[in-house]
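Here is a short report on one structure. Please look over the sequence and the model before reading on.

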Amino acid sequence: MRKPIIAGNWKMNKTRDEALQFIYAVNQAVPSIEEVDTVICGQSVLLRCLVKRQGDNLRIGAQNMHYEEKGAFTGEVSPLILNDTGVNYVIIGHSERREYFNETDEMVNKKVHSAFKYDLTPIVCVGEKLEQRENNTTNQVVEAQISKALAGLTEAQAKEVVIAYEPIWAIGTGKTATSEMANETCGYIRSVVSKIFGKNVGEAVRIQYGGSVKPSNIKELMAQEHIDGALIGGASLEIEAFIEMTNFNK
């Protein structure tokens with residue numbers, strides 16, 4: 001039985017005061033951590049204040065990190081610092097990182113290994129562009145991304161990875177893959193993990209869907225066999241919407 005994981009990606013949004021208002025409001029309203037893993041991924045400068053105020057049922061994640069512990073990497077965030085800050089999760093390989101900051105599959109793989117070294121759970125993003133969907137190459141695209149991202153992991157590590165399937169054409173566009181489309185690709189992702197690490201790992205790994213997830217569609221998405229959670233962008237900025245989505249099974 002895979003525990004659902006609902007994660008909000010705030011991206012480059014919220015001031016400190018806005019972040020604090022949000023976390024105080026949702027702390028007591030999200031489900032028990034025994035039922036659902038609820039995660040907020042904020043800007044790096046907000047992480048410490050969020051960790052200090054997270055409730056028992058809420059965890060904090062980073063939106064990115066470097067794969068090196070320290071060095072001459074101006075503006076980057078160290079995995080050592082994230083661990084020291086008390087962060088539990090880190091998003092790796094988001095399409096915006098790939099597109100705007102030239103992040104490659106090889107860099108994603110280095111970051112995944114570094115995350116495990118510093119006891120951070122990686123949320124690894126994969127997904128296709130619109131033309132790739134229209135050319136029926138979605139499966140090839142996500143298989144290549146997963147194979148490269150998870151290369152060199154142990155079976156135990158692969159079980160702990162969270163994979164976020166985010167079709168690029170659905171991120172921030174208002175377009176959403178139908179629940180059947182999302183489930184089909186998430187099922188294929190599960191089969192790829194099974195092929196690499198064995199069926200036990202494939203059945204254990206948690207796969208999120210991301211791409212214009214909102215209160216009106218989360219129940220249908222979460223009802224699908226292979227969808228174990230959601231990585232939510234814009235809708236995670238609203239307190240009531242986020243609370244409603246974390247309580248999708250109520």
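## The model

This is a predicted model.

## Helix 7 against helix 9

Two packed helices are described by the angle between their axes and the distance between the axes. Helix 7 spans residues 138-149, and helix 9 spans residues 179-197. They pack at about 45 degrees, and their axes lie 10 Å apart. That angle makes helix 7 oblique to helix 9. The crossing of helix 7 and helix 9 is right-handed.

From helix 7, the contact draws on Thr-138, Asn-139, Val-142, Glu-143, Ile-146 and Ser-147. Helix 9 supplies Thr-185, Tyr-188, Ile-189, Val-192, Val-193, Lys-195 and Ile-196. In this contact of helix 7 with helix 9, 7 residues are nonpolar, 4 are polar and 2 are charged.

## Helix 7 against helix 5

Helix 7 also meets helix 5, which covers residues 105-117. The axes of helix 5 and helix 7 come within 8 Å and cross at roughly 45 degrees. Helix 5 and helix 7 are therefore oblique to each other.

On helix 5, the contact residues are Asp-105, Glu-106, Val-108, Asn-109 and Val-112. On helix 7, they are Gln-145, Lys-148 and Ala-149. The residues of this contact of helix 5 with helix 7 split into 3 nonpolar, 2 polar and 3 charged.

Strand 6 runs over residues 162-165 and is covered on both faces. Val-162 and Ala-164 are buried on one side. Ile-163 and Tyr-165 are buried on the other.

Strand 5 (residues 121-126) pairs with strand 6 in the parallel sense, over 4 bridges. Cys-125 stands opposite Ala-164 of strand 6. Strand 6 is also joined to strand 7 (residues 206-209) by 4 bridges, and these two strands run parallel. There, Tyr-165 has Tyr-209 of strand 7 as its bridge partner.

## A buried loop residue

Which loop holds Asn-217? Asn-217 sits between strand 7 and helix 11. Is Asn-217 buried or exposed? Its relative accessibility is 12%, so Asn-217 counts as buried. Leaving aside residues up to four places away in sequence, Asn-217 touches Thr-176 and Ser-212.

Helix 12 covers residues 239-246. Its buried residues are Ala-241, Phe-242, Ile-243, Met-245 and Thr-246.

What do the buried residues of helix 12 pack against? Among the helices, they meet helix 1 (16-26) and helix 11 (218-222). Among the strands, they meet strand 1 (5-9), strand 2 (37-42) and strand 8 (229-232).

Conventions
Residues numbered from 1 in each chain as written. Predicted model: local features only at pLDDT ≥ 70, side-chain atom pairs only at ≥ 80, totals over all residues. Heavy atoms only, no water. Axes fitted to C-alpha atoms, helices over the stretch in contact; angles between N-to-C directions. Parallel < 35°, antiparallel > 145°, perpendicular 65-115°, else oblique. Left-handed = near helix turned anticlockwise from the far one by under 90°. Contact = heavy atoms within 4.5 Å. Nonpolar A, V, L, I, M, F, W, Y, C, P; charged D, E, K, R; others polar. Buried < 20%, exposed > 50% of the residue type's maximum accessible area, 1.4 Å probe, protein only. Pairing = 2+ DSSP bridges.
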